[in-house]
Amino acid sequence: MNGGVSTEESDDDDAVLFGDKQLVDKYGWNYLAQLVKQNPKLVRGVPGSASGVASGDYLASIAVGGDARPNGTQVFSDTERFNSWAQRGAIFKNAPHKAGAKLFMSWLDSQAVQKNAIATWTWSVRKDVSPPAGLRPLASYKNTDQTAFAKFMSDRASVERFRSQVELYFGQVKGADPGDPTDTLGRSPGAF
């Protein structure tokens with residue numbers, strides 16, 4: 001293990017950018033300046049940071065999406081804020097295969113999938129599925145707001161201004177995005 005800290009490129013992922021916003025709001029811009037001085041490994045794509053901890057390549061990550069086991073565990077402070085939100089799904093009005101889309105959404109939201117795939121490492125959107133071992137029900141944490149990220153995202157002009165400010169510390173994103181390796185969506189996908 002190299003003992004390094006893995007973090008996503010903050011100006012690349014909106015959820016990580018929101019985490020940076022909360023840090024800057026609480027601790028100021030100097031916090032990011034001090035983080036940059038530690039020379040963190042910037043990993044593109046949120047699951048990449050979890051896999052770096054899971055493989056033992058990195059000691060920790062400050063922003064993770066995905067399962068960090070077997071070498072990692074999630075730690076949630078009772079005092080520091082952390083991000084949480086329900087992933088959203090939709091079936092487009094003019095979707096060519098609405099029946100297939102409905103089947104997929106029903107499967108994804110089923111108790112079996114939520115219990116055996118989602119709640120093995122994070123909270124389920126279903127109230128009848130228990131959180132993974134070591135975590136309390138999400139509603140019991142007073143230092144997270146499941147609606148805050150959606151509010152942050154609703155003002156795209158402010159998000160992009162903040163992203164530009166963060167880029168002054170971390171630089172612009174470089175390289176292929178593992179979630180969009182052919183750059184189909186571009187930096188700001190907009191409407192589909």
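## Reading a predicted chain: elements, cores and a surface patch

From the N terminus on, the elements of the chain run β-α-α-β-α-β-α-α-α-α.

Visitor: How many helices and strands does the chain have?

Guide: Helices (H or I, at least four residues) and strands (E, at least two) are DSSP runs, numbered from the N terminus. The chain has 7 helices and 3 strands. This is a predicted model, in which local features need pLDDT of at least 70 and side-chain atom pairs count only at pLDDT 80 or more, while totals for chains, interfaces and linings use all residues. Residues are numbered from 1 along each chain as its sequence is written, and side-chain values use heavy atoms, with hydrogens and water left out.

Visitor: Which residues of the largest nonpolar core touch the most other members?

Guide: A nonpolar core is a set of buried Ala, Val, Leu, Ile, Met, Phe, Trp, Tyr and Cys residues joined through side-chain atoms within 4.5 Å. Buried means under 20% relative accessible area, exposed over 50%, and partly exposed in between (1.4 Å probe, protein chains only). In the largest core, of 13 residues, L17, L32, F152 and V166 touch the most other members. Two or more residues each come from α1 (14-27), α2 (29-37), α6 (148-153) and α7 (156-170). A second, separate core of 5 residues includes F82, W123, L135 and L138.

Visitor: With which residues is L32 in contact, leaving aside its neighbours within four places in sequence?

Guide: Contact means heavy atoms within 4.5 Å. With those neighbours left aside, L32 is in contact with D20, V24, V166, Y169 and F170.

Visitor: Which residues make the nonpolar surface patch?

Guide: Like charges are joined within 9 Å, nonpolar side chains (Val, Leu, Ile, Met, Phe, Trp, Tyr) within 5 Å. Accessible areas come from the Shrake-Rupley method with a 1.4 Å probe; for residues, only the protein chains shown count as cover. Here F104, W107 and L108 make a nonpolar patch of about 310 Å². W107 belongs to helix α4 (residues 98-108) and is partly exposed, at 49% relative accessible area.

Methods. Patch = residues over 30% accessible without salt bridge, like charges linked within 9 Å, V, L, I, M, F, W, Y side chains within 5 Å. Salt bridge = Lys/Arg side-chain N within 4 Å of Asp/Glu carboxyl O.
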